[in-house]
Amino acid sequence: MKKQLYSRKIGIAALVGASIFIFVLLHFCRMSIGKIPELEFSGYVNQSDIVNNCNLDHVKFPPETACAVYKLKKVDSAQDQKNIRKALGLDENAKFGTLSDPMPASSTAVLGYDTESGRWIYQTDLAYDTGENVPEKQKAIQIANDFISNLYPVETLGNPTAIADMSGEERNKPSSVVRWNVFYYPTVENRPVYGVFRICIAVGAEGKIVGVEKLAGEYEKITQVQLSDLRTIKNRFLAQDFLCTRDESPQNRKMEQAELGFYADVGDEYIQPVYVVSSNDGMTEILIDAQNRGESNENAVSRSR
């Protein structure tokens with residue numbers, strides 16, 4: 001009988017201990033999720049002009065009431081840096097600085113790395129580009145694809161675009177391509193990601209990689225959040241708490257379209273939902289934080305209005 005009571009006490013203690021562990025774990029998760037930074041959009045140019053000349057009265061917002069928040073996956077920094085050195089053909093002892101203060105990797109190049117997000121840069125001085133035997137555009141894209149596929153799942157990057165850096169026009173000589181900047185813009189949930197979420201591979205003379213900005217990475221869902229109601233969205237707009245991404249004379253233009261997108265800043269690892277609101281002619285576009293930050297949705301008005 002004593003043995004049975006002892007076993008029962010052990011079982012109850014284990015159950016209580018497990019409950020406490022689960023409570024602490026959930027509390028920790030809530031604390032972690034609660035640390036998602038707010039999007040700071042106020043203080044940018046042209047916001048007052050847009051508020052004075054536009055309104056959201058006729059915008060039809062998407063029907064979703066919730067959306068995921070994502071975060072860049074943690075990476076093994078030491079192994080990642082080793083792979084980067086190898087891919088770039090650098091000395092195994094080449095040092096990485098930070099994104100804002102990169103370290104010299106050679107006499108003409110610097111390296112920067114962020115250990116929290118795995119973002120990194122490799123930059124060479126454009127002044128040293130000879131412009132000799134720079135590949136054609138499509139070949140440059142293929143070279144960039146081959147390079148980044150060794151470091152990142154290229155099938156998730158979408159279709160790249162290439163923009164040329166041109167030499168200055170000299171006397172009696174036309175300008176020429178000195179490098180191709182091949183841009184990749186990964187999507188999340190097949191939606192665009194605004195802010196800084198891209199990869200750029202610069203291909204120069206003889207098809208050599210002369211620059212990399214790896215500012216996007218693999219990500220994972222960390223939570224599901226409620227989206228703000230229309231009243232809150234309008235209040236954010238009137239408070240000029242939005243980011244203008246396109247502004248070509250918004251006078252008397254109607255803001256009519258709204259879609260869900262995402263926003264990622266180079267300063268943190270989160271990818272958060274935003275409303276992408278644009279004018280009927282597409283000439284004006286703004287981003288508004290879509291996430292409910294604790295405001296009440298009791299007075300929500302129809303999103304289809």
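**Entry 1: Gln-240**

I started at Gln-240, which I found in the loop between helix H5 (230-238) and strand E11 (243-247). Helices (H or I, at least four residues) and strands (E, at least two) are DSSP runs, numbered from the N terminus. Residue numbers start from 1 along each chain as its sequence is written, and side-chain values use heavy atoms, with hydrogens and water left out. I noted that this is a predicted model, so local features need pLDDT of at least 70 and side-chain atom pairs count only at pLDDT 80 or more, while totals for chains, interfaces and linings use all residues.

The phi of Gln-240 is near 60°, a positive value in a residue that is not glycine.

**Entry 2: Glu-206**

Next I looked up Glu-206, which sits in the loop between E8 and E9. Glu-206 also has a positive phi, about 60°, although it is not a glycine. Glu-206 counts as exposed because its relative accessibility is 55%.

**Entry 3: Thr-187**

I then went to the loop between E6 and strand E7 (193-195), where Thr-187 is found. Thr-187 is partly exposed, since its relative accessible area is 35%. Which residues does Thr-187 touch, leaving out those up to four places away in sequence? They are Val-193 and Tyr-219; contact means heavy atoms within 4.5 Å. I also checked Thr-187 against Phe-262: they are 75 residues apart in sequence and 8.6 Å apart in space, C-alpha to C-alpha.

**Entry 4: the open sheet**

In what order do the 7 strands of the open sheet stand? I wrote down E2-E3-E4-E9-E8-E6-E5, with antiparallel pairing. Two strands pair if DSSP finds at least two bridges between them. The edges are strand E2 (103-104) and strand E5 (161-166), each pairing on one side only. Helix H3 (residues 77-88) packs on this sheet and touches strand E3 (109-113), E4 and E9. The direction of H3 makes about 155° with that of E3. For such angles, axes are lines fitted to C-alpha atoms, for helices over the stretch in contact, and angles run from 0 to 180 degrees between N-to-C directions.

Gln-123 stands opposite Gly-211 in E9.

Helix H4 (residues 137-148) lies across E4, E5, strand E6 (177-184), strand E8 (199-203) and E9. H4 runs at about 55° to E6.

**Entry 5: strand E1**

I turned to strand E1 (residues 66-72), which is mostly covered, with 5 of its 7 residues buried. E1 pairs with strand E10 (residues 219-226) in the antiparallel sense over 7 bridges. E1 is also joined by 2 bridges to strand E13 (residues 270-279), again running antiparallel.

**Entry 6: the cores**

A nonpolar core is a set of buried Ala, Val, Leu, Ile, Met, Phe, Trp, Tyr and Cys residues joined through side-chain atoms within 4.5 Å. How many residues does the largest nonpolar core have? I read 59, and Leu-88, Ile-201 and Val-277 have the most contacts inside it. H4 gives the most to this core, with 6 residues. I picked Ile-201 and listed what it touches, not counting residues up to four places away in sequence; among them are Ala-144, Phe-147, Ile-148, Trp-180 and Val-212. A second, separate core of 8 residues includes Leu-243, Tyr-263, Val-274 and Val-276.

**Entry 7: cysteines**

A disulfide is a pair of cysteine sulfur atoms within 2.5 Å, and by this rule I count 0 disulfides. Cys-200 counts as buried because its relative accessible area is 7%.

**Entry 8: the whole chain**

Last, I looked up the totals. The chain has 5 helices and 14 strands. Of its 305 residues, 40% count as buried. Among contacts with a separation of 6 or more, 66% are between residues 24 or more positions apart.

Key
Buried means under 20% relative accessible area, exposed over 50%, partly exposed in between (1.4 Å probe, protein chains only).
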